[in-house]
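Please read it with the sequence and the model at hand.

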Amino acid sequence: MTLVAGIDSSTQSCKVVIRDAETGKLVRQGRAAHPDGTEVHPDAWWAALQQAIEEAGGLDDVAAASVAGQQHGMVVLDENGEVVRPALLWNDTRSAGAGAADLIQELGGGDKWADAVGIVPVASFTLTKLRWLARNEPSNAAKVAAVCLPHDWLTWKLSGSTDISTIKTDRSDASGTLYWSAKTNQYRPDLLELGFGRLLQTPEVLGPTGIAGHLPNGAPLGPGAGDNAAALFGTGAGPGDVVVSIGTSGTVFVSAEVSPDDPSGTVAGFADVTGRFLPIVVTLNAARVLDAAGKLLGVDHEQLSRLALSAPAGADGLVLIPYLEGERTPNLPDATGSLHGLTLKTSDPAHLARASVEGMLCALADGLDALIERGAEANRIVLVGGGARSEAVRRVAPELFGLPVLVPPPGEYVADGAARQAAWVALGTAEPPVWSAEPPESYEAVSVPLIREQYKKAANLLG
């Protein structure tokens, strides 16, 4: 049996899965937590990775490994490869004004950015964080010799190298930086210089089965992936399958032949792990909306789900706009959550629970609409992530999306995608291995337009 390792270094934790390269069978796994916050020193990720590897039984017997990770995080290194300051994560919004807004204006508008790199600046993307660093911490900025992303840095650490010129990345993660174009497969050094004020060492961008280094046992390290691209690869989603992932962030994405080039910035033109594109819409507020509702009501997730399903569709007009941490899509970094339609009739736990589920899903349904408007094929929804474990989410989703909803068995789909990439590298095949999987649960329901109509009316009040 040829074993491969897939690693998911997410916002909240690090997961390691060891799988059979040919069948995908899970052999063993490990996990370790990450610290909270939107600013984290990469050493914390490295410590968590070592703990997760140990819990998974080590990597000495694997034939290849690959790392997938949270996208956009700014990891800055000096000329000796030392971390200059803690990484600013994707969900850190401090660069919204002096970073994102100014960069849009300086290049001449969102359409210029969409044409250049397929995405429009918002606070999530790496270049906006570099702009913030240059303006707000000039002494730290002066020390920076190289910039990379979380999965790039971890792959480099696993390789044992200390030379910043040997850092590697992949198309999917590079496409979320604002200074690399998925359409041309090239860096845009002029945009990096525009954002930071000077050029920096950037990782070499590898193809789908490129070698990013080697483990101590000589096994190759795959190019890795951004978390969403890895999740798509891990689910085995096919044409017309739109993946909706409900985790720390909410994401709606699909594999496509062409970049969407959306000048509004709603749809980002990322890349996938196979050489295609990954049009995606991302929200900051997803599963933690359910966490917050459960905390407010003093119930666990199972109880929250039961409460939500006991209330009618549309919650009798109660609408939650779930911008609890600001929002990325729409681009409202300073927004807060709001509750609309509160009456004596809706002032109970069941209505609030229902409104929290519907509000979170409505934001993601808006993302699906945006993908379709930019030409994406959408035949069914593949629902994954921690939020997909909620029975209420599963049953309400088809009412809002207007499509059949498939829910695969719970799994670590980002880590699985990384493992499948590692298997592709280890086996040396022209196409990625096809792994067998348990059949998903299927949910269908009559569309309830009222829910989204109420949501849009309430959201429009924000301007």
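1. The residues lining the largest cavity comprise 8 nonpolar, 2 polar and 1 charged (Ala, Val, Leu, Ile, Met, Phe, Trp, Tyr, Cys and Pro count as nonpolar, Asp, Glu, Lys and Arg as charged, and the others, Gly among them, as polar). Among them are C148, D152, W180 and P203. This cavity holds about 70 Å³ of space. A cavity is a set of points on a 1 Å grid over the protein atoms alone where a 1.4 Å probe fits but cannot get out, and lining residues have an atom within 4 Å of a point.

2. This is a predicted model, in which local features need pLDDT of at least 70, side-chain atom pairs count only at pLDDT 80 or more, and totals for chains, interfaces and linings use all residues. Residues are numbered from 1 along each chain as its sequence is written, and side-chain values use heavy atoms, with hydrogens and water left out.

3. The second largest cavity contains about 50 Å³ of space. Its lining divides into 5 nonpolar, 3 polar and 2 charged residues, including W90, E327 and R328.

4. C148 also deserves a remark as a cysteine. The structure holds 0 disulfides (pairs of cysteine sulfur atoms within 2.5 Å). The sulfur of C148 lies 16 Å from the closest cysteine sulfur, that of C14, which is too far for a bond. C148 is buried at a relative accessible area of 1% (buried means under 20%, with a 1.4 Å probe and protein chains only).

How values were computed: Buried < 20%, exposed > 50% of the residue type's maximum accessible area, 1.4 Å probe, protein only. 1 Å grid on protein atoms, 1.4 Å probe; cavity = no way out; pocket = protein on both sides within 12 Å on 5 of 7 lines; lining within 4 Å. Points joined across faces, edges and corners; volume = space filled by probe spheres on them.
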